[in-house]
Every structure is written in C-alpha cells, then in structure tokens.
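Hi everyone, thanks for coming.

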Amino acid sequence: MKKMHYYRYENAEVSCCYKYLMFSYNIIFWLAGTAFIAIGFWAWSEKGVLSDLTQVTRLHGFDPVWGVLVVGTVTFILGFAGCVGALRENICLLKFFSGVIGFIFFLELTAAVLAFVFQGQVREWLNDFFLANVKAYREDIDLQNLIDSLQKLNHCCGAKDPNDWDLNVYFNCSGDNPSRERCGVPFSCCISDPADTVVNTQCGYDVRLSGTPSKWSNTIYVKGCMMALEEWLPRNLYIVAGVFIVISLLQMVGIFLARTLIGDIEKVKFNYN
C-alpha cells in the first residue's frame, strides 16, 4: 500500500499586511499630489493663465505655482504607481516607485552635501535668484506674496540691503521714474506696530529719497534677506535637521515596503512555477 505524502508549502500568498500598508502609505501620496495639482491650477485660473497660456513665459522671475505643480505631479505619479502596484501586485510599478523614491533621496543627500561644501557659491546663487525675483516683483501676484512673506517673517529688505529695490522699475530712484513708489520699498519692508490692525501698504513710499540705510532703521528693516537667512539657519539647525531626518525616514519606509512586497510577489510566483 502506497503511503501518501503531504507537502507543506511556504506561504503561497502575498502578505496582506505589507500589501495594504503599502497601499495606505501611497494613498496619502496620491491624495496630496491631487491636492497640489488642484491648488496649482486654481492659482493659475485666478491669474487668468489658463485662458492665456503665453503668460507662463512672460514672467522673468520664479512663479511659485510651477513649484506647486511640479511637486504635485511627481507626488501624484508616485502615489498612483504605489497604489496600483500594491493592489495589482505589479512588480514593474513597485520597482518604479522604489527606484524614483531612492533617486529623490539620493538627490536630496547630494544637494545637502554640495550646499555644505560649496557654501560661497550657494550664497551667490541665492543672492542672484532673490535679485531676479525682486526685479520681477510686480509681474506675478504669487511671486509678490512670496517675497512679502519672506521679508516680513525674516525682518529683512532686499537681498543685501533696501537699495536692491532699485532693480525694480516701480521702486528705482531714477529721475524719469513716474511711479508713485519711486525710491520706496514694498510695505513688507516696513517695521510694523503689533497694535496695528490694518496694514499700511503705503508705509514704504519715499523712504529712500534721503538719508542712508542707518537712518532708515526706524522706519524699515535695513538688514538684507541673505544675511537674515545666514542668521536663521544656525538658530534653527536642529529643526532643519529634524525635518530632513523625518522626510528621509518616510522615504526609507516607502522603499522598504515596496522592496518587501516585491520579494513576496516574486516568492509566490516562484512557488507556483
């Protein structure tokens, strides 16, 4: 009489735990990407860009909406690839997800190292970038709001000093400038009274018509934003490092989940073949 032998196969199913953890992790990516894209297009519709796409190429400074759209698009694609890859157990999509996340992590690490090594060049690049946006200040409402926020939060004015606003056609001190803002600065440069409930948008008018930066210090901030940034970084080094570590850990968790799920799928396919 022949004996029947029973074989116990190693787990022949993909781990539901890793599968749905991966899905949950990526659904947040996907929703965040969708929200960023929606905000970007909403901002463009408010500025009339969607009805006249040539406005995109007219701006000589940095349009913050581009940053929002790029981040949203990348996040949306990654979230979609991760969600579908996890649910459909698609190895190609999961490898795409983990590969792109790994590449982004590598770029972040490289950028951090290069910024530390080439501090002088980075400082010059940031200074030129800020000056280019000062020049384009009135050309885009989002850019204008971004610069105003930076100056108000950091109590600064211009890249190196308030005279950087001479680069802007509305604020320069040339005699043939018909603008009412001639030889002034934006209201975000003004030293505001905490008790004021209404923002005085004309507080920077004619400030630079006479005197020197030292005499303006009672009315406006005379420190440049580049110097303010250099002072801010050492004070908030632990916060910056903490944010970088949290983002890196989240990226590594995503890579770990994707690679573990890929391993499970390949093991199941091997057992069935």
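Let me begin with contacts. If we take contacts in the protein chain between residues at least 6 apart in sequence, 71% of them join residues at least 24 apart. Please keep in mind that this is a predicted model.

What is the chain built from? It has nine helices and zero strands, and read along the sequence the pattern is α-α-α-α-α-α-α-α-α. Of its 273 residues, 32% count as buried. The accessible surface comes to about 17,400 Å², and 66% of that belongs to carbon and sulfur atoms.

Now let's zoom in on one residue. Asn26 sits in helix H1, which covers residues 16–47. Is Asn26 buried or exposed? Its relative accessibility is 0%, and buried means under 20%, so Asn26 counts as buried. Which residues does Asn26 touch, leaving aside its neighbours within four places in sequence? They are Leu78, Gly79, Gly82, Cys83 and Phe97.

Some of those names come back in helix H3, residues 64–88. H3 has 25 residues and reaches 36 Å from its first C-alpha to its last, close to the 36 Å expected at 1.5 Å a residue. Among the buried residues of H3 are Leu78, Gly79, Gly82 and Cys83, and Pro64, Val65 and Leu69 are buried there too. After H3 comes Glu89, which has a positive phi, near 55°.

Next is H4. Asn90 caps the N-terminal end of H4, with a side-chain oxygen 3.0 Å from the backbone nitrogen of Cys92.

Finally, let's look for empty space. Rolling a probe the size of a water molecule over the atoms shows where such space is left. The largest pocket holds about 850 Å³ of space. It is lined by 18 residues, and the closest to its centre are Ala115, Phe116, Leu233, Leu237 and Val240. Which helices supply at least two residues each to this lining? They are H4, H5 (119–135), H8 (225–235) and H9 (237–272). H8 gives the largest share, with six residues.

Key:
Residues are numbered from 1 along each chain as its sequence is written. This is a predicted model: local features need pLDDT of at least 70, side-chain atom pairs count only at pLDDT 80 or more; totals for chains, interfaces and linings use all residues. Side-chain values use heavy atoms; hydrogens and water are left out. A polar contact is a pair of N or O atoms within 3.5 Å; within protein, one must be able to donate a hydrogen and the other to accept it, and residues adjacent in sequence count only if both atoms are side-chain atoms. Helices (H or I, at least four residues) and strands (E, at least two) are DSSP runs, numbered from the N terminus. Buried means under 20% relative accessible area, exposed over 50%, partly exposed in between (1.4 Å probe, protein chains only). Contact means heavy atoms within 4.5 Å. Accessible areas come from the Shrake-Rupley method with a 1.4 Å probe; for residues, only the protein chains shown count as cover. On a 1 Å grid over the protein atoms alone, a cavity is a set of points where a 1.4 Å probe fits but cannot get out, and a pocket is an open set with protein on both sides within 12 Å along at least five of seven lines; lining residues have an atom within 4 Å of a point. Grid points are joined across faces, edges and corners, and a volume is the space filled by probe spheres set on the points. The expected span of a helix is 1.5 Å times one less than its number of residues.
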